[in-house]
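Trainee: Could you take me through this structure step by step? I would like to ask as we go.

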Protein chains: 2
Amino acid sequence: MSETLAWGERLLVVGTGLIGTSVALAVRDVGAEVLLADTDAERLGLAVAAGAGRPVDDLGEVDLVVVAVPPRATGTVVARYLDAIPHATVTHVCSVQSLPQLDVESSGADVSRFCGGHPIAGRETSGPAHASPDLFHERPWAVCPAAGTGPDAAERVASLARDCGARPVLLEAATHDALLGRLSHVPQLVASALAGSIAALDQSRTALAGTGLRDTTRLADSDPALWTEIVGANADAVAAGLRDVAQPLLDLAAALEAGAGSEASTRELLERGQRGRALLPGKHGGAPVTLQAVQVVVPDEPGTLARLLAEVAAEGVNLEDLRVEHASGQPLGIAEVMVLAAEGERLASALRARGWTVTA
Amino acid sequence: MSETLAWGERLLVVGTGLIGTSVALAVRDVGAEVLLADTDAERLGLAVAAGAGRPVDDLGEVDLVVVAVPPRATGTVVARYLDAIPHATVTHVCSVQSLPQLDVESSGADVSRFCGGHPIAGRETSGPAHASPDLFHERPWAVCPAAGTGPDAAERVASLARDCGARPVLLEAATHDALLGRLSHVPQLVASALAGSIAALDQSRTALAGTGLRDTTRLADSDPALWTEIVGANADAVAAGLRDVAQPLLDLAAALEAGAGSEASTRELLERGQRGRALLPGKHGGAPVTLQAVQVVVPDEPGTLARLLAEVAAEGVNLEDLRVEHASGQPLGIAEVMVLAAEGERLASALRARGWTVTA
C-alpha cells in the first residue's frame, strides 16, 4: 500500500542513474509507490534490483514525474510527460535550470504543472549502483518555478525535496544558473585548467607537489562528458564567471612582467580571495571559527588513525575537520587534526605525551 | 657536548620563525649545537624558550649557517654571513631560489661556500610557537647550488636536509623556481582569484556552495604579505604559469559566448585537466589506484568519528584517505571514507549492518 504524501501517491522517475535512483529510494522510504522508466534496459534492471521501484506500465496512475536525464534532453522529456499525463506535476533534477525551462515553455506543453528542481548533492561516482536514499540528507534542493508554474506544482516539488530529507530553496531559474555557475561550474573548469597547466611536466617533477595543489585540483577528476553538457547549457553565466576569475590572473601576469606596481596587484588579489573565502559556509553554517591544524604522523596500518581519533576524543577535544596526507614514497601519512585554535596547544602536548609524533 | 655531523658541529640559524626554529629543533635532536640570531628579540626569546638553542655570541665557532628570513632579504643576509664567517657554509630555506642566488653572486662574497635550499613543508601557521622538529619528516628538500658553489657546500646542505628527516632533491635554481611557480605559487593565486570571484555575493547565496568550492579555494586563506613577497621574487615564472591557466579559461569564455564550437573546447580543457591530475603523486608515490568514497553520516559528538574508523579497521579495510564535510546548519557531518574500489561495497554493507547511515 502506498501512502498519500503532499504531492500524491505515485512517483514516476524517468532516468535511473545515480540521482534518479536515489530519489526513488528516498521516496520509497517514506511510503510512496515508485514507478521507473529508462531507455537503457540494463540500467533500469539495476535500479529495479536495487529496490528502487517497478517498471512503469500505466502512466495514468502517476501523480508526480521526476525527469533525471542529461541536461540537454531534460526539457524535451519533461514536455513529453506533461503531454502524456494530463494531471501529473513534472519536475527534473538538472544542474542547470534556464535551458530546460525554455525548452518546456516553447514546447506548447502545460507549463502550469511544471516546476524545475535541483538537489545540490553531486558526487564523482554515477549509476544506480551508487544510489542511496540518504544522498540528499540535509542538502539544499533548489526549487525553480517558471513564470507559468502554478503554486501547486512548486509546493509539490518542495514537498518531494523534504520527503527526500533535503532543504528546499526557492530560486528563479536565472538566479540558480548564475549562482551555480559561480559556485560549481566555474570552480570545475578552473580546477581543470590548473591541473591541465601541469600536464606537460615530467612525473619526476610533479612529485614535488604538496597538498595545496592536490586539493585545488581534486575536481579535475570529474567526468568530461557530463561537465561538457552542463557548461554548454549554462554558457553565458559560466563565461561571465570565467572572465571574473581569469582576467585578474592575466592582469596580474602583465603586472608581474612589467615589474612596476605588481606588488599592489598581487596583494589586492590575495586579499580579495580572503574576503570571498570568508563567505563560504563554516561548520554548521555558523559564525566563522579559528581552527588550528595539529599534524600527527600516522603509520599506514589498519586501525592507527582510529586509535589516534579515539585518543583525541579521550582528551575531550572535538574534531572540527580532518585531512590525511600521504608522504610521497613512504608507508606513512600525516593526519591534520583540525581543532579550535584555543585547544590546539593542549592537544598537541597531550598527544606527544601519549607517544605520537606531532608536527604542530 | 655537540656531535660532529657531516656538515660540522655548530649550526647558526638566522631568523627564528616557523621554519628556522623547526630546523634548529630537528638538528638539536641529532646531537648538534645550535646558535640562534634574530633581529626581533621577542621572537628570539620564544625560540630559546622552545629549546631551539642559545643566542649566538661568537660567530667564529659556526660551521653552517641557515638563513631563514623573508624572500627579499635572503640574499643580502646570506652574503653578510659569508663575509663574517670565513670558513662557514651558508644556506637558506627560501621558497624562491634565483633571486637570492643572484643577490649572493653580485655581492662579491665567496660563492663557493654558498648553496641554496628549500624544505618543501609549508603550512598556514607561522612563528616559533608552531615550530616542530618533525616538520620536515619525509618531505622533499630542494638543494640548489649556484654555478660557483663548491661540492662540499652542496653536500653539507644535503646532509643537513637528511639530518632534519627530509629527502634532498638536487635542482638548479631556475628549474626550482619554474617548478614551484607551477606547483605552488600559481595554485595559490588561482585559488585566491576563484575565491575572490564570489566576494561580491551575498552570504545567503554562498550557503549553496558544496565541498568542491571549499577544497578548491582552501589556499586562499594564506597570508597575503608573505605570498606577495614570494610571487614578486618569482615574477617571470609565475606570470608564465598564470597565463597557462588563465588564457585557456578566457578562450573558453569567448567560445561559450560565441556559441559554436564551445563543446570541443570545453571537453578539451576538462580532458587535459584529467591528464595533469594523473601526474600528481598518489599514495606512497606508487601507481595510481582507484578509490571509492563511502559516505557515512556522523553525529557531531566527540568520539563518534573515532568509533567509525575503529569499525572500518575492524572490518579489515584500510583507509586510503578521509575527508569530513559538515552539513550546513546541522549538528551532523558526512565522513567520506576513501577505500580501494574493490572494498567499497563490502564496507558500505558492513557499516550499514553496524547501524551507520551510509550514503554510498
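Trainee: How many helices and strands are there in chain A?
Mentor: Chain A has 13 helices and 11 strands. Both are DSSP runs numbered from the N terminus, with at least four residues of H or I for a helix and at least two of E for a strand. This is a predicted model, in which local features need pLDDT of at least 70, side-chain atom pairs count only at pLDDT 80 or more, and totals for chains, interfaces and linings use all residues. Residues are numbered from 1 along each chain as its sequence is written, while chains are lettered from A and ligands numbered from 1 in the order in which they are written.

Trainee: What share of the residues in chain A is buried?
Mentor: Of the 360 residues in chain A, 55% are buried. A residue counts as buried if 20 or more other C-beta atoms, placed from the backbone, lie within 10 Å of its own.

Trainee: On to sheets. In which order do the five strands of the open sheet in chain A come?
Mentor: The order is E3-E2-E1-E4-E5, with parallel pairing. Two strands pair if DSSP finds at least two bridges between them.

Trainee: And which are the edge strands?
Mentor: They are strand E3 (54-55) and strand E5 (89-92) of chain A, each of which pairs on one side only. Further in, strand E1 (residues 10-14) of chain A is joined by five bridges to strand E2 (residues 33-37) of chain A. One bridge there sets A:Leu11 against A:Val34.

Trainee: Now the two chains together. How many residues of chain A are in contact with chain B?
Mentor: 110 residues of chain A are in contact with 109 residues of chain B. Contact means that the C-beta atoms, placed from the backbone, lie within 7 Å.

Trainee: Which helix gives the largest share of that side of chain A?
Mentor: H10(A) does, with 16 residues.

Trainee: Let us turn to helix H11 of chain B. Which of its residues are buried?
Mentor: Among them are B:Leu269, B:Leu270, B:Arg272 and B:Gly273. Helix H11 of chain B covers residues 262-277.

Trainee: Why do they line one face of the helix?
Mentor: Seen down the axis of H11(B), the buried residues fall within an arc of 160 degrees, so they line one face. The arc is that of the directions from the helix axis to the C-beta atoms.

Trainee: What do those buried residues pack against?
Mentor: They pack against H6, H9 and H10 of chain A, together with helix H10 (235-258) of chain B.

Technical notes. A residue is buried if 20 or more other C-beta atoms lie within 10 Å of its own, exposed if 12 or fewer, and partly exposed in between; C-beta atoms are placed from the backbone. Two residues are in contact if their C-beta atoms, placed from the backbone, lie within 7 Å. The expected span of a helix is 1.5 Å times one less than its number of residues.
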